[in-house]
Amino acid sequence: MTLLIWSVACLVVGVLLWLLGDLIWHGIGQLSWAFLTTAPQKAGRAGGIAPILVSTALIVGVCLATAIPLGVGTAVLLVEFSPQRGLFGRLVRLSLDVLAGVPSIVFGLFGNAFFSKTLGLGFSILAGGLTLACMVLPILIRSTQEGLRAVPDDYRRSAAALGLSRTAALWVLLLPAAMPGLAVGILLGLGRAIAETAALIFTSGYVDRMPDSLLDSGRALSVHIFDLAMNISGGEANAYASALLLAIGLMVINAIISGLAHWFRGSRIQVI
Amino acid sequence: MFPWLSEAIFIGVLRGLAVVSGVVALLILLFLLQEALPFLQQIGFARFFQDASWHPVSQEYNLLPMLWGTLFVTVGSVLLATPLGILSAVFCQYYAPPAIAQVYRRLIELLAGIPSVVYGFWGLVVLVPLIGQLHPPGPSLLAGILILSVMILPTVALVADASFSNVPPDYLRGAAALGLGRWATVRSVVMPAAKAGLLAGVMLETGRAIGETMAVLMVCGNVVQVPDSLFAPMRTLTANIALEVAYAVGDHRAALFVSGLVLMGLIVVLVAIAEVIQQGKIYD
């Protein structure tokens, strides 16, 4: 049995190394400053990915700019200003649980029907970003809630004893104390947004030009990889480089998250 | 000047934000229904299972091949990934020296963080040609099962790892006092104690497998047919939507929204099952 378990572990590590090794082996040669700063040519077979990076940044920017106020506000209300067993809080919580389980392709369908068609945004960066905002909302809320719950109740009592209003206590005390949870939530949302492909294909579209405004269609990095791999013969080299870049980006985000979570755990022990 | 007033306004704003967040799920359901219902009423639900095939251009809307496709790929990958994931969590908790376990956990987290389109791409350029050499054509049910297994394995492994670490250490000491070996302890003490967590992990990975789009879209070949062998190409519900929504209009579009609804239904059933299991844990 010991042998079997060790070989399972080796198998898993082997697959991971195979995948990463393959990406690095074929992708590292293509990655260069020029690749990052020039426009794609011949449908992406040659040239770089500059407009795609800009579109990705804009889509993710729209997503976070919408999701952060919504998510943090909701989490604060649920944890600080609504009774645990209240009907309102229960309904919102249930709705968020359902939202967390919706497959990304269904978010895409919804974004296409609501943002692109009903609100008339068409295939645009704005529509894509807003669709992603709906998707990362539950992640952001859950993580902010955990951050706030980890703040000891003594903080709240001390603030009340000092005569601070609940709003003031929130701004000067609770939110700063809950910052690690908030940061983890934002980074998790960021990672999910950058990795997402299916919800973007028919909300932000395929156009690989440099976007002029948020209402322009823009191609995200993940959609670029998909398109190069599936629809463009001879696009493999650049697809490898883009995939490597995307994987590296997500690894960096995840490394920061686990670092933060570690620090979070450490600091909480000191507080209590 | 009026602290109670500013506080009331502030809470009002928060309530507004929370309502928007809460309404999103409802909106999604509403828009799916709005696009799908008129068409459903017009042709009836049965057509989606009785038509000759999926051929929207000539008004044939049979979803069964895609439903079977989703079922096969999901069941296959869950059957493959669950034992591997659980054993790898066992490795982490009970077999590996602490230093190795730490590194191994990091690697699993790394695996969990790789985006699905990158998995799909790797499957397309590495796995599919390999399978093609073994048994043409290459893009196949097997490719889908393998790539999905790699994708969902970290989910089970991490959830199982967490629920193993929640097993009270007294259980382990008790088992050791009884002279049980390492594997016997894991099998007959740890596994039953962590049962609820393990089941939740399985539900979670099943949900991920059903909802996954890009990876299966890229490696399964996307032929509309019930696969008759592991090496036959096939198409899942999710891939069907991703492939056709961009150009679908009218009834075709509505039919795709119906398949979106079916997908939502599957997920809701899963969430409900997971909920029941979680409830059970409280009384355990």
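1. Helices (H or I, at least four residues) and strands (E, at least two) are DSSP runs, numbered from the N terminus. On that basis chain B has 12 helices and 2 strands, and their order along the sequence is α-α-β-β-α-α-α-α-α-α-α-α-α-α.

2. The model is predicted: local features need pLDDT of at least 70 and side-chain atom pairs pLDDT 80 or more, while totals for chains, interfaces and linings use all residues. Residues are numbered from 1 along each chain as its sequence is written, with chains lettered from A and ligands numbered from 1 in the order in which they are written.

3. Along the principal axes, the C-alpha atoms of chain B fill a box of roughly 75 × 70 × 35 Å.

4. Between the chains, 65 residues of chain A are in contact with 62 residues of chain B (C-beta atoms, placed from the backbone, within 7 Å). Helix 1 (residues 2–27) of chain A gives the most to the chain A side, with 11 residues.

5. Helix 1 of chain A packs against helix 3 (residues 64–95) of chain B at an angle of about 110°, with the axes 9 Å apart; axes are lines fitted to C-alpha atoms over the stretch in contact, and angles run from 0 to 180 degrees between N-to-C directions. The two helices are therefore roughly perpendicular (65 to 115 degrees). Residues making this contact include W6(A) and V12(A) of helix 1 of chain A, and F91(B) and Y95(B) of helix 3 of chain B.

Notes. Two residues are in contact if their C-beta atoms, placed from the backbone, lie within 7 Å. Angles under 35 degrees count as roughly parallel, over 145 as roughly antiparallel, 65 to 115 as roughly perpendicular and the rest as oblique.
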